[in-house]
Amino acid sequence: MSENKAQTRPGQQVNHPQLRIRTVRTPDGLFVHSRNSGLCVLDPVAASKCWLRPLYAQVAVTERCNQHCWWCYTSSSPSRSTEWDTGELKELVRFLDSWGILGVAYGGGEPFVHPGIVEVIRYTWENTGLDVSVTTNGYAPTEEQLDSIEGYASEVRVSVRRPEDCAVLRRFIGRRFDLGVNLLLMRGSAHVTDELIDRCTEVGIDDFLVNSFVAAGRGAQHRHLEPGEEDVAALCRAVDRHRTATIKVSGRLAARMKTSGHRYRFVPFSGEVRGRIIAITADKRVKPSSLSQEAYPFDRPEEIPEIYARMVSGNVQ
Ligand code: SF4
């Protein structure tokens, strides 16, 4: 073996000083990811029989938020108080790193109202091989917080719901992290999604994630606003119209788009297959996804892989 090559086990980080490559074996193949370059490669030959570890952990650092949206599935608000202690969050990411997953996506609630969020983001980047993403409503982070995370997060995603909210995006453009926009499809709102994509692409943003509104949390009594077939069809037309943008959709929407008659090229992992990610709540529970009602409490991070294995196999009570 030459000096430049190293044999790796799935989940192991290759100690390449520039690339920081990490591999995870999945049912779709061996996923190779470089945090620093953004390189993603999938080798379908080396697929595993089932999910052995998730690719990402979505970590809700707090239930608190500076907003009080009626559609909020976590029922977040300024008065909620449950959140991770900063020291415990560091312990959690150290464990997630040792487990061999690719990265963490910090969210909430609104992560930038957590007093330790900048410290935790910088700690994760400097002390682990985990990729770091953070999702915000765009209004909470201060200029100082945004300055302080530049170079320590590979991606910041801003959730935008209304055209007038697009003004907030200016604060995020041109910084040393990738910028993406999260959108929410509701019944009758596909034209808003379409307009938001237009407005964002005008200012150079071309990375979108469209989620489906789910009647949960504070939005529980609005089931009639979950998107219908006509909304999915309108989203398909919006995707067609913005061919140069990268438009990702939630597993829930992908499943419906696949049966809509439109022809799309879906990348792997686009289904709602259990195991691709895990969600970790602010009150220390593990869920198969942030929207799931299933949740399993834990005391120590070391308990997470066993809960995950039981969730993937369906052997949970
Ligand atoms: S939807 Fe987002 S911005 Fe609105 S209250 Fe919930 S966490 Fe906050």
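An open sheet of 10 strands runs in the order β10-β9-β8-β7-β6-β5-β4-β11-β12-β13, with mixed pairing. Strands are DSSP runs of E with at least two residues, and helices are runs of H or I with at least four; both are numbered from the N terminus. Two strands pair if DSSP finds at least two bridges between them. The edge strands, β10 (246-249) and β13 (296-297), each pair on one side only. The structure is a predicted model: local features need pLDDT of at least 70, side-chain atom pairs count only at pLDDT 80 or more, and totals for chains, interfaces and linings use all residues. Residues are numbered from 1 along each chain as its sequence is written.

The chain as a whole has seven helices and 13 strands. Buried residues make up 34% of its 317 residues. A residue counts as buried if 20 or more other C-beta atoms lie within 10 Å of its own, as exposed if 12 or fewer do, and as partly exposed in between; the C-beta atoms are placed from the backbone. Two residues are in contact if their C-beta atoms, placed from the backbone, lie within 7 Å. Of the contacts with a separation of 6 or more, 61% join residues 24 or more positions apart.

Strand β4 (residues 56-60) is joined to two strands of the sheet. Five bridges link β4 to β5 (residues 103-107), and the two run parallel. Tyrosine 56 stands opposite glycine 103 in β5. Between β4 and β5 the chain passes through helix α1 (residues 86-99), and this β-α-β crossover is right-handed. Right-handed here means that, with the strands pointing away from the viewer, the path from the first strand over the helix to the second runs clockwise. Four bridges join β4 to β11 (residues 277-280), again in parallel. In that pair, valine 59 stands opposite isoleucine 280.

Strand β5 is also joined to β6 (residues 131-136), by four bridges and in parallel. Tyrosine 106 lies in β5 and stands opposite valine 134 in β6. Tyrosine 106 is buried, with 27 other C-beta atoms within 10 Å. Leaving aside neighbours within four places in sequence, tyrosine 106 is in contact with Val59, Val61, Pro111, Ile117, Ile121 and Val134. Threonine 62 is 44 residues from tyrosine 106 along the chain, yet their C-alpha atoms are separated by 9.6 Å.

The largest nonpolar core has 63 residues. Such a core is a set of buried Ala, Val, Leu, Ile, Met, Phe, Trp, Tyr and Cys residues joined through C-beta atoms within 7 Å. Val61, Tyr106 and Leu235 are among those with the most contacts inside this core. Helix α5 gives the most to the core, with five residues. Beyond four places in sequence, the contacts of valine 61 include Trp84, Leu89, Tyr106 and Ala282.

Helix α4 (residues 190-202) has 13 residues and reaches 19 Å from its first C-alpha to its last. This is close to the 18 Å expected at 1.5 Å a residue, counted over one less than the number of residues. The buried residues of α4 are Ala190, Thr193, Leu196, Ile197 and Cys200. They cover an arc of only 115° around the axis, so they lie on the same side of α4. The arc is taken from the directions from the helix axis to the C-beta atoms. An α-helix has 3.6 residues a turn, so residues three or four places apart point the same way. The buried residues of α4 pack against β8 (178-185), β9 (207-212) and α5 (229-241). The face turned away from this buried side carries the exposed residues His191 and Glu202. Just after α4, glycine 204 takes a positive phi of about 90°.
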